[in-house]
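Let's take a friendly walk through a protein structure together. Keep the sequence and the 3D view side by side as you read.

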Amino acid sequence: MSLTNSLPARTLSVTGLALRRGERLLFADVGFAVAPGEILLLRGPNGAGKTSLMKCLAGFLRPDAGSVVFSGQDGEERWEEDVHFLGHLSAVKGRLKVAENLEAWAALNGGEGDVMAALRRVGLASIAGLDAGYLSAGQTRRLALARLLVSPRPIWLLDEPTSALDKDGDRLVGELIDAHLAAGGLAVAATHLELRIADGTRVRTLELGA
Ligand SMILES: Nc1ncnc2c1ncn2[C@@H]1O[C@H](COP(=O)(O)OP(=O)(O)OP(=O)(O)O)[C@@H](O)[C@H]1O
């Protein structure tokens, strides 16, 4: 089941990207393009700069050189409203119930999706009324994934999306990405593991060095 509707077409173009952190030049002259329906897999050893590059794409870090352009918006549309960034930290509010977390997220992000349907999709419906602070690491990750469903956006930036997940969770991430790409979205995923996405998916790979 896909909860996403047809998404507006966006293209991500990155040229000449360079980032220094402290004394170290993490990467330079990074360039790629990702079209609707495509996923870019970002690979590289620990410390290579994958998270830093994802943060540049999300606009949280300013690169030392180069540009990140999301094209395809109409006029006044703000690109931030097109992007979901799923980072290492799941930003779950422990004192809110599981469903309340998602409702709050949807309200903040203009989501029109069905909170309970999203919780069912990620396997958390039976604990919708539990304080989110009691969730396990994998359940917390599933709650973070549910956000992708309650406010559909064409660009997904996923940093280690399968971290802490069990085998079913791995499969879930693959299925969510498949549905997102099939709806015309694009994705960039930093991952050490093979994502369980459908055969025939248009995949690009970028390897960052240590
Ligand atoms: N604010 C900072 N100041 C200095 N160095 C930093 C800063 N933030 C990150 N770094 C360094 O930048 C490098 C790249 O970190 P980053 O988190 O992007 O790597 P990564 O490829 O995502 O690694 P991992 O696979 O372990 O998640 C690391 O060596 C890290 O110590």
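This is a predicted model: local features need pLDDT of at least 70, side-chain atom pairs count only at pLDDT 80 or more; totals for chains, interfaces and linings use all residues.

The paragraphs below go from domains to sheets, then to helices and the ligand.

Residues are numbered from 1 along each chain as its sequence is written.

Begin with the overall layout. The protein chain is divided into domain 1 (8-82 + 154-209) and domain 2 (89-152); such bounds come from an automatic or database domain assignment. The centres of the two domains, taken over C-alpha atoms, are separated by 22 Å. Nine residues from domain 1 and seven residues from domain 2 make the contact, where two residues are in contact if their C-beta atoms, placed from the backbone, lie within 7 Å. On the side of domain 1 that touches domain 2, α5 gives the most, with four residues. Sorted by class, that side has six nonpolar, two polar and one charged residues. Here Ala, Val, Leu, Ile, Met, Phe, Trp, Tyr, Cys and Pro count as nonpolar, Asp, Glu, Lys and Arg as charged, and the others, Gly among them, as polar.

Two strands pair if DSSP finds at least two bridges between them.

Now look for an open sheet of three strands, in the order β2-β1-β4 with antiparallel pairing. Because β2 and β4 stand at the edges with a single partner strand each, one side of each is left without a neighbour in the sheet. Strand β1 (residues 11-21) pairs with β2 (residues 24-34) over seven bridges and with β4 (residues 65-71) over six bridges. Two residues lie between the strands in the hairpin of β1 and β2, where G22 takes a positive phi near 60°.

Another open sheet has five strands, ordered β5-β6-β7-β3-β8 with parallel pairing. Its edge strands, β5 (83-86) and β8 (202-207), each pair on one side only.

Axes are lines fitted to C-alpha atoms, for helices over the stretch in contact, and angles run from 0 to 180 degrees between N-to-C directions. Helix α4 (residues 137-150) packs with α5 (residues 167-182) at an angle of about 10°, with their axes 12 Å apart. That makes α4 roughly parallel to α5, a label for angles under 35 degrees. The contact is made by G138, R142, L145 and L148 of α4 together with G169, V173 and L176 of α5.

Which residues are around the ligand? They are R21, G22, L26, G44, N46, G47, A48, G49, K50, T51 and S52; a residue counts as near a molecule or strand if its C-beta atom, placed from the backbone, lies within 6 Å of it. Helix α1 (residues 50-58) gives the most to this shell, with three residues. By class, the shell has two nonpolar, seven polar and two charged residues.

How values were computed:
Angles under 35 degrees count as roughly parallel, over 145 as roughly antiparallel, 65 to 115 as roughly perpendicular and the rest as oblique.
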